[in-house]
Amino acid sequence: MIDFHLDTHTGAPPYVQIAQQVRQALRLGMLRVGDQLPTVREVVEKLAINPNTVLKAYRELEHEGVVASRPGQGTFVLRSLAGEGLASHAMLRRSLTQWLRSAYDAGLDEESVLALFQTTFHQAPREQRTGEEDTA
Amino acid sequence: MSHTITPINANIRSVAHGESEPPNAIEARGLGKRYGKRWALSECTFSMPAGKVAALVGPNGAGKTTLLHLCVGLLRPDAGAVTVLGYAPAAQTKALLARVGFIAQDHPLYKDFTVAETLTLGRKLNPHWEDTIATERLARLHIPLDQRVGKLSGGQQAQVALALALAKRPQVLLLDEPVASLDPLARRDFLRTLMEAVVEQGMTVLLSSHIVADLERVCDYLIILAASRVQLAGDMEMLIASHKRLVGPRRDASSLAPLRRTHTIIEESHTPRQTSLLVRLNGPLLDPTWEVQDVTLEDMTLAYLGQPPESEAGK
């Protein structure tokens with residue numbers, strides 16, 4: 001079983017945060033196929049949040065085919081996300097480390113590096129983010 | 001800094017076509033209430049779908065209590081109309097009150113009564129009363145039934161008031177500043193109990209608050225009231241998603257005109273070099289020179305209330 005937490009200082013809606021945390025737990029292998037997600041009631045008790053938020057998050061995961069709800073029983077994991085892109089992590093990390101080194105060499109401090117990453121991340125539309133490879 | 005009032009009609013329509021349209025629990029149309037010459041509430045229009053947990057947000061004196069009192073028939077409108085579950089509260093009070101729970105500000109209870117006596121009172125006064133809803137809830141919270149209400153902590157008194165309101169099994173629950181007097185821990189506990197009740201009893205909730213903290217996780221519908229008018233009403237997530245902070249090189253009134261044609265500027269501030277706006281986007285943002293930032297419920301609410309967010313000072 002996993003625990004959810006909410007960060008109310010980000011602009012991310014609570015249901016997005018819950019769905020993300022489920023996906024993250026799947027990627028990291030903390031949730032496996034057949035596992036049950038916390039019931040709506042349990043999440044509401046833990047986080048003191050609106051039950052509709054939890055339902056919305058679970059519905060989104062259901063749409064993605066990640067989980068399935070069985071009426072009267074709960075919501076269960078249908079497929080794992082572990083391994084998805086995991087192989088390329090090492091390579092991506094290497095090129096990011098390289099990029100970081102060149103950023104520091106160029107005289108950027110940590111804050112500027114983060115700002116540059118964030119603005120680039122937010123400005124590049126998602127379609128562009130997949131597809132082209134940036135070798136900078 | 002300018003302060004623009006957004007027409008709310010467009011927004012309500014955009015909210016209505018979301019999922020399968022549930023009937024509206026509360027509908028206000030041009031609703032107004034006057035005390036002497038002063039309008040405490042005017043031209044208040046919104047439709048709140050059933051099953052929502054709505055936050056009624058605004059500074060003290062904005063008209064929140066007046067609106068809630070109109071909804072339970074404690075006040076009679078001087079303009080327009082409001083219906084709750086299809087009933088006109090002031091005219092059909094008896095039929096409505098069997099279906100609506102109301103917790104007034106500071107959750108007034110008889111302080112000399114024990115908790116058990118308070119429940120007896122509730123049982124005698126309410127036709128659809130279900131004792132176990134109250135007793136199980138209070139047992140879970142370790143609130144002793146033989147204790148005098150006046151001896152309980154503020155948080156516990158609030159919980160007793162909530163248990164009373166829930167035991168009458170309302171379809172709509174209205175709460176006036178339920179957490180204002182509570183410390184953060186008691187506030188979280190109260191909201192948790194309220195959300196558990198929503199899971200169990202599936203009711204519509206409208207709660208007023210001048211404290212925005214915690215509302216984002218609890219509420220999925222938002223009504224912002226300021227200066228006795230509705231500034232904004234609609235689905236909480238959609239409203240937050242449609243508001244952005246734009247930061248960019250300094251603009252003047254004429255260079256902001258194209259932006260104004262499509263979008264609504266809620267708040268603007270300028271330094272000699274920089275312009276910072278909080279806007280409501282009504283379509284795609286075409287000008288790429290703006291840096292676009294997400295806003296929180298607090299940012300958005302404060303912009304409509306015409307105050308700079310506190311967090312701004314630290315940035």
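**Entry 1: the end of α5(B)**

I started just past helix α5 of chain B. The residue I looked up there is B:His142, which follows α5(B) and has a positive phi, near 55°. I note that the model is a predicted one.

Next I asked which residues of α5(B) are buried. The helix spans residues 131-140, and its buried residues are B:Ile133, B:Ala134, B:Arg137 and B:Leu138. They sit on the same side of α5(B), because they cover an arc of only 115° around the axis. Then I looked for what lies over them. The cover includes three helices of chain B: α4 (115-125), α6 (154-167) and α7 (184-201).

**Entry 2: α4(B) against α5(B)**

I took one of those covering helices, α4(B), and checked how it meets α5(B). Their axes come within 10 Å and cross at roughly 160°. The two helices are therefore roughly antiparallel. The crossing of α4(B) past α5(B) is right-handed.

I also listed the residues that touch. From α4(B) come B:Val115, B:Leu119 and B:Arg123. On the α5(B) side they meet B:Asp131, B:Ala134, B:Thr135 and B:Leu138. B:Ala134 and B:Leu138 I had already noted as buried.

Is B:Ala165 buried or exposed? It is buried, at a relative accessible area of 6%. Setting aside neighbours within four places in sequence, I found B:Ala165 in contact with B:Ile103, B:Pro170 and B:Leu173.

I then compared B:Ala165 with B:Met238. The pair is 73 residues apart in sequence. In space the C-alpha atoms are 30 Å apart.

**Entry 3: the loop between β8 and β9 of chain B**

B:Ala227 has one of about 50°, and it is not a glycine. Its place is the loop between β8 (221-226) and β9 (229-235) of chain B. B:Ser228 lies in the loop between β8 and β9 too. B:Ser228 is not a glycine either, and its phi is positive at about 60°.

How exposed is each? B:Ala227 counts as exposed, with 62% relative accessibility. B:Ser228 is buried, with a relative accessible area of 11%.

**Entry 4: cysteines**

How many disulfides are there over all chains? The count is 0. I checked B:Cys44, which is in no disulfide. Its nearest cysteine sulfur belongs to B:Cys71 and is 8.0 Å away. B:Cys71 is in no disulfide, and for B:Cys71 the nearest cysteine sulfur is that of B:Cys44, 8.0 Å away.

B:Cys44 is buried, with a relative accessible area of 0%. B:Cys71 is buried, and its relative accessible area is 0%.

**Entry 5: chain A in outline**

Read from the N terminus, its elements run α-α-α-β-β-α-α-α. The chain has 136 residues, and 28% of them count as buried.

Last, I looked at contacts in chain A between residues at least 6 apart in sequence. Of these, 52% join residues at least 24 apart.

Conventions: Residues numbered from 1 in each chain as written. Chains lettered and ligands numbered in written order. Predicted model: local features only at pLDDT ≥ 70, side-chain atom pairs only at ≥ 80, totals over all residues. Heavy atoms only, no water. Disulfide = S-S within 2.5 Å. Buried < 20%, exposed > 50% of the residue type's maximum accessible area, 1.4 Å probe, protein only. Helix = DSSP H or I, 4+ residues; strand = E, 2+ residues; numbered from the N terminus. Arc of directions from axis to C-beta. Contact = heavy atoms within 4.5 Å. Axes fitted to C-alpha atoms, helices over the stretch in contact; angles between N-to-C directions. Parallel < 35°, antiparallel > 145°, perpendicular 65-115°, else oblique. Left-handed = near helix turned anticlockwise from the far one by under 90°.
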